[in-house]
2 protein chains.
Amino acid sequence: MIEYRSLRVALLGGGTVGSQVARLLLEHADELAARAGARIELTGIAVRDVDAKRDVDLPHELFTTDAESLILGADIVVELIGGLEPARTLVLQAINSGADVVTANKALLATHGPELFEAAEQVGAQLAYEAAVGGAIPIIRPLRDSMAGDTVDRILGIVNGTTNYILDRMDTTGDSLESALAAATALGYAEADPTADIEGYDAAQKAAILASLAFHTLVPVEQVHREGITGVTAAQVESARKAGYVVKLLAICERLRDPDTGDEAVSARVYPAMVDRAHPLAAVHGANNAVFVEASAAGDLMFYGAGAGGAETASAVLGDLVAVVRRHVAGGPGIAESTHAELPVLDIGQVTTRYAVTIEVLDQPGVLAAIAQIFAAHGVSVEQLEQTLSDDAGRATLVIGTHEARESSLADTVAALAADPVVDQVTSVLRVEGA
Amino acid sequence: MIEYRSLRVALLGGGTVGSQVARLLLEHADELAARAGARIELTGIAVRDVDAKRDVDLPHELFTTDAESLILGADIVVELIGGLEPARTLVLQAINSGADVVTANKALLATHGPELFEAAEQVGAQLAYEAAVGGAIPIIRPLRDSMAGDTVDRILGIVNGTTNYILDRMDTTGDSLESALAAATALGYAEADPTADIEGYDAAQKAAILASLAFHTLVPVEQVHREGITGVTAAQVESARKAGYVVKLLAICERLRDPDTGDEAVSARVYPAMVDRAHPLAAVHGANNAVFVEASAAGDLMFYGAGAGGAETASAVLGDLVAVVRRHVAGGPGIAESTHAELPVLDIGQVTTRYAVTIEVLDQPGVLAAIAQIFAAHGVSVEQLEQTLSDDAGRATLVIGTHEARESSLADTVAALAADPVVDQVTSVLRVEGA
């Protein structure tokens, strides 16, 4: 039996993920020591209430409310508190006390990433965060290391399991958003307050992290355009289905040109969009996640798996922990984040994509020409126009598919349509992605 | 403009991948320097014939036939010669001269992996090989780092693009193996001598590498059971299709119990198998690759993308190169391979899986009972038995689906079936995987 040295690991947070991490650390202590080259000694779990009920039965003496003392004696700190404070302060304390850090905290990285990366680089600390995006799906290390020599052109990510469950259910059952959300809540896929998921905040944080990695550019979450799924109707999903599309909430990170200057730039945005059913992302069902990466040399790649869950996320945390221990034992500093490119992040208005616009119009001669003229006047090129049968009230429904157009031009077009007397209402505007 | 230090990189091999690596290194020199923290100075490309025609136009003065001299002055050696020798000798020379090594050589790793890992560990050299499996698909680092804290239970990999193209074409067009192979050759997906692909040698090497990583156990290619696709018939593919399955050549790495001792063990094997059309691997078309990983905590993951091609494989080589340069600059040794588990590799006869057996029998009373008795006598439990209409000659076709059974028991069953007077012939035996 090999005698391994011990590394002292402090766990901050004893929630769903934290208790699974602690359980796996204790259950697999010998195996993890052999893999990592050192015993991972769990010195304590900092929580708000040491007597709170846990998902997992863990030794009571491990729990403490004194996170700061726990950090002081640690070689490695695993931060699973979530949210911005006290997580930010504690992670900075850990780094500055000489510890390496593993975190699953997407909000923290998306908001204070630059400060944390800078602090880690100053002292040569490792800062690992595979669990922050895509739960158990390895996506951080593939982007940071395996693809470090390639040019990532675009990432389309289904990175929020709750909204994917809801949209998938709307697609397969015809449910309204409300009843699909109710089902998600009943199954534990949605939290009591689902705002962070359904309004796209969670996905926007992940988009910021993915864009930063993919484009070697710090993209703070404030620069991620965000729209949630609360505006998605059963009629939109049904209409997309009939046209061969499925509506997905996408986190999109794109390398593109500034339309005004022609300079290289990037965009990070989150919104519900129509995806062709032949696209691999269309087959991502339920609460699963997938990240589709388009790169210059590698071509199209996809990473797929469970995006959340205590054990699943704990898997990613433990992978980071073993990798960090290996490096800690071998010696040598952490590798600093690569943020040299400093590409500008485009405003949503400057981004181009394709659109499906549904409008109700008065069914009278010359209407089609008038509508087409409105699109043309704003520089939006129509690829396809379909008129459905008119109703008894003399109204017809038009579905217009555009070529790539600038977001601001499309917005102007929609405003002009809504103001035109032949238009009864603009029923739906959805972006089309993945072509 | 930051002044970076230079690292001297020697490229061994100027073929399809090597010339793409050289092209990308030269085209993206500034960007790669900024990402890696050092300029990657390509000092030369060792080839057999400096005047041979290349896919890419590269400066003639880079080429040399003197690989050994090139290695001597290098900080990092990129080995893209392929095959066992002189690749093995040159990689060992590189390691022993103090260089880090990046290789895409699956044959070398699957055969001499232990020797190379040992040599690298002795001197603290980095040895990176993301490109050896799955072309551009990041799978080595995800398994080695991101999943280092989890227990991998099974890997099902489509890791050979040529055979996936052929089987996919047989499935979609009804082609025979011969005409699907001819199509693959015409499209450049199959080489003039397709033996390494269609006989499963390429997939077996990749299975050895994946199993070694996943199970922390050195699995040499000689211990990988290997069957190619040359025995797969259009009738088998058609019959599988009708039953809701697709035939895929799978590289299977499995953690299981020795059926005799109950001890923990592993299996690595390559053969064509039936996969349920609802399984994510069934949707992997053309020459694409995918690796499906089942892990205890992470659940099911899939990694998908182009499995071959010069630029695609070069992407993985460059990712490794940037990661190796970063560590070279930061300091600290390479991380040794984790091979501590030393689990026994089971013989194919000890492995259990499910089977679909097709036999032609005399259509007479008592035959079904006789057949069922043969299965039962060998301990193979029948899950499903379907008899098709008998033909004019008084023969019927039986398709028998089994529960999980031991490979040796199934072999004995098939031998007994073939010897029984009521059996005209055993038409097809295919394993069923992925359930």
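This is a predicted model: local features need pLDDT of at least 70, side-chain atom pairs count only at pLDDT 80 or more; totals for chains, interfaces and linings use all residues.

Student: What makes A:Asp145 and B:Arg326 a salt bridge?

Tutor: Their closest N and O atoms are 3.8 Å apart. The cut-off is 4 Å between a side-chain nitrogen of Lys or Arg and a carboxyl oxygen of Asp or Glu, so the pair qualifies. The count between chain A and chain B is 2 salt bridges.

Student: And how many residue pairs are in polar contact across the interface?

Tutor: The rule finds 20 across the interface of chain A and chain B, with both residues at pLDDT 80 or more.

Student: Which element of chain A gives the most to the side that touches chain B?

Tutor: That's helix 12 of chain A, with 12 residues. Helix 12 spans 310–330, and the elements giving two or more residues also include helix 2 (29–36) and helix 6 (140–146) of chain A.

Student: Why do you say that strand 12 of chain A and strand 12 of chain B pair?

Tutor: Pairing needs at least two bridges, and these strands have 5, so they count as paired. The sense is antiparallel. One of the bridges joins A:Phe303 to B:Phe303.

Student: How much area do chain A and chain B bury between them?

Tutor: About 4000 Å², with 58% of it on carbon and sulfur atoms. On chain A's side, A:Arg35, A:Ser146 and A:Arg326 supply 16% of the area buried against chain B, more than any other three residues. The contact takes 49 residues from chain A and 49 residues from chain B.

Note on methods: Residues are numbered from 1 along each chain as its sequence is written. Chains are lettered from A and ligands numbered from 1 in the order in which they are written. Side-chain values use heavy atoms; hydrogens and water are left out. Contact means heavy atoms within 4.5 Å. Buried area is the accessible area (1.4 Å probe) that two parts lose on being put together, summed over both. A polar contact is a pair of N or O atoms within 3.5 Å; within protein, one must be able to donate a hydrogen and the other to accept it, and residues adjacent in sequence count only if both atoms are side-chain atoms. Helices (H or I, at least four residues) and strands (E, at least two) are DSSP runs, numbered from the N terminus.
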